[in-house]
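Let's take a walk through this protein together. Keep the sequence and the 3D view open as you read.

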Amino acid sequence: MVARLVIAAPSSGSGKTTVATGLMAAFAAAGLAVSPHKVGPDYIDPGYHALATGRPGRNLDAYLCGPELIEPLFAHGSAGCDLAVIEGVMGMYDGAAGQGELASTAHVAKLLRAPVVLVVDASSQSRSVAALVHGFASWDPEVRVAGVILNKVGSDRHEALLREALEESGVPVLGALRRAPQVRAPSRHLGLVPVAERRAEAVESVAALASQVREGCDLGALLALARSAPSLRGAAWDPASGLGSSPASPGSSSNAGRAGFSPAGPGRRRPVVAVAGGAAFTFSYAEHAELLAAAGAEVVPFDPLHDEELPEGTAGLVIGGGFPEVYAPELSANEPLRKAVAQLAESGAPVAAECAGLLYLARELDGKPMCGVLDAQARMSQRLTLGYREAVAVSDSVLAAAGTRMRGHEFHRTVVEPGAGAAAAWGLHAPERRVEGFVQGNVHASYLHTHWAARPDVARRFVDRCTP
């Protein structure tokens, strides 16, 4: 049994990240092993969660991974911990558009049978807070809203009015936080600035959050509430076992799921898969590296902003999401690495590029030369492209056979022209039908973010094509 709390809110901007990160840091500072989680596809908040807890921030996305994987992924991430804090997404009942509760905070809370603490922005209300909390607490009887934390409280008098109003709601107030500019994290076009870009300031912010939460919240009551969650029934997700039960090979007798199995074969070294990181490429799911390792790869991170060479022996390359548009001049200036990436792709080594990686492989980004692997140009745009996608692989690639169905998520303010190569990566079904991305030799480049835990065969297929 892992003690657990879901931190939800009536809407975005209420202070979920402030409260969740502050709670994680405060409990960790008290000596608890805290497991951090984020509902939905967000990559940035988990970076702050990791800073607060010293453990990888993990996502729980019932759309990308399916409801059946939420409990196993949670159990995997929280193994050995005293407490798990799960930050919600958007408003508590907001999920995948047009699909009811799917992937909402409420949905995940029900799947985990976890008590919910509602964070309310109280800055422009007093007695009305009781009606708001009552509505959220009573909307779905299966969601246990067990406490409220009042955020952006203006004064002692304001707090007293709020507490008095909530006395009749039946939902206890477990904390009240004043407005505190020093704990705010800067934002830009896709949300908060990632930790990797402002680590020193982020450390100070997280410490301030812990102090604010410690002073304004009843940590004892919150911990007791978390410990009231019932035991979970299912087994934890395991990357090696996941490979063995991949949907691409039902009933297969493949050895790929066995711990320690290397597709390179007995007695041969594990192929090196280089994974881009650093400030420009911060978007990744922890399970991807775990799956690559379980499939037999030696996963080696590198930083395209500073490293002039790929890791020694690189046999495959994974470039995830991030903010290359912010670092276009620096990425462009690292000509030796750009050439090394182009040469690796030309050699036939498998390359998987996702969103930011797509931009990096283009001929240029905002007029700055990039790797030139793809005959495409990328530029910043005023239009935000955001949302879940149903996708089908259009072409055979190092990630998937043509016809493979996956769910993904798009999140960018850039445009790539053309939007698809002669062999496209994905056909998307919603909100409009279109093809996008590039399959070129052993290169797969696309805007679509996917979660490989839903299709472990993606990692196995990629590693199988690496030559050590």
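## A pocket, a helix and some charged pairs

α2 (45–53), β10 (272–276), α10 (286–294), β12 (314–319), β13 (351–354) and β21 (443–446) each give at least two residues to the lining of the second largest pocket. Before we go on, keep in mind that this is a predicted model.

How much space lies in the second largest pocket? It's about 1,000 Å³. The pocket is lined by 44 residues, and the closest to its centre are T282, F283, S284, Y285 and A286. Sorted by class, the lining has 29 nonpolar, 13 polar and two charged residues.

Now take a look at helix α12, which covers residues 335–346. Its twelve residues reach 16 Å from the first C-alpha to the last, close to the 16 Å expected at 1.5 Å a residue. Which residues of α12 are buried? They are L337, R338, A340, V341, L344 and A345. Looking down the axis of α12, you'd find these buried residues within an arc of 160°, so they line one face of the helix. Just after α12 comes G348, with a positive phi of about 100°.

Next up are the salt bridges: a search of the whole structure finds 18. Here are three of them, with the distance between the N and O atoms.

| Residue | Partner | N to O distance |
|---|---|---|
| E410 | R389 | 2.7 Å |
| R407 | E390 | 2.9 Å |
| D45 | K38 | 3.2 Å |

Let's start with E410 and R389, which form a salt bridge. This pair links distant parts of the chain, with E410 in strand β17 (residues 405–417) and R389 in strand β16 (residues 377–393), 21 residues apart. Is E410 buried or exposed? Its relative accessibility is 2%, so E410 counts as buried. R389 is buried as well, with a relative accessible area of 5%.

R407 and E390 also meet through their side chains in a salt bridge. R407 sits in strand β17 and E390 in strand β16, so the pair ties together parts that are 17 residues apart in sequence. R407 has 26% relative accessibility and counts as partly exposed, and E390 is partly exposed too, with a relative accessible area of 27%.

As for D45 and K38, both are buried. Finally, salt bridges can also join up into a network here: D156, E159, R163 and R178 are linked that way.

Note on methods
Residues numbered from 1 in each chain as written. Predicted model: local features only at pLDDT ≥ 70, side-chain atom pairs only at ≥ 80, totals over all residues. Heavy atoms only, no water. 1 Å grid on protein atoms, 1.4 Å probe; cavity = no way out; pocket = protein on both sides within 12 Å on 5 of 7 lines; lining within 4 Å. Points joined across faces, edges and corners; volume = space filled by probe spheres on them. Helix = DSSP H or I, 4+ residues; strand = E, 2+ residues; numbered from the N terminus. Nonpolar A, V, L, I, M, F, W, Y, C, P; charged D, E, K, R; others polar. Expected span 1.5 Å × (residues − 1). Buried < 20%, exposed > 50% of the residue type's maximum accessible area, 1.4 Å probe, protein only. Arc of directions from axis to C-beta. Salt bridge = Lys/Arg side-chain N within 4 Å of Asp/Glu carboxyl O.
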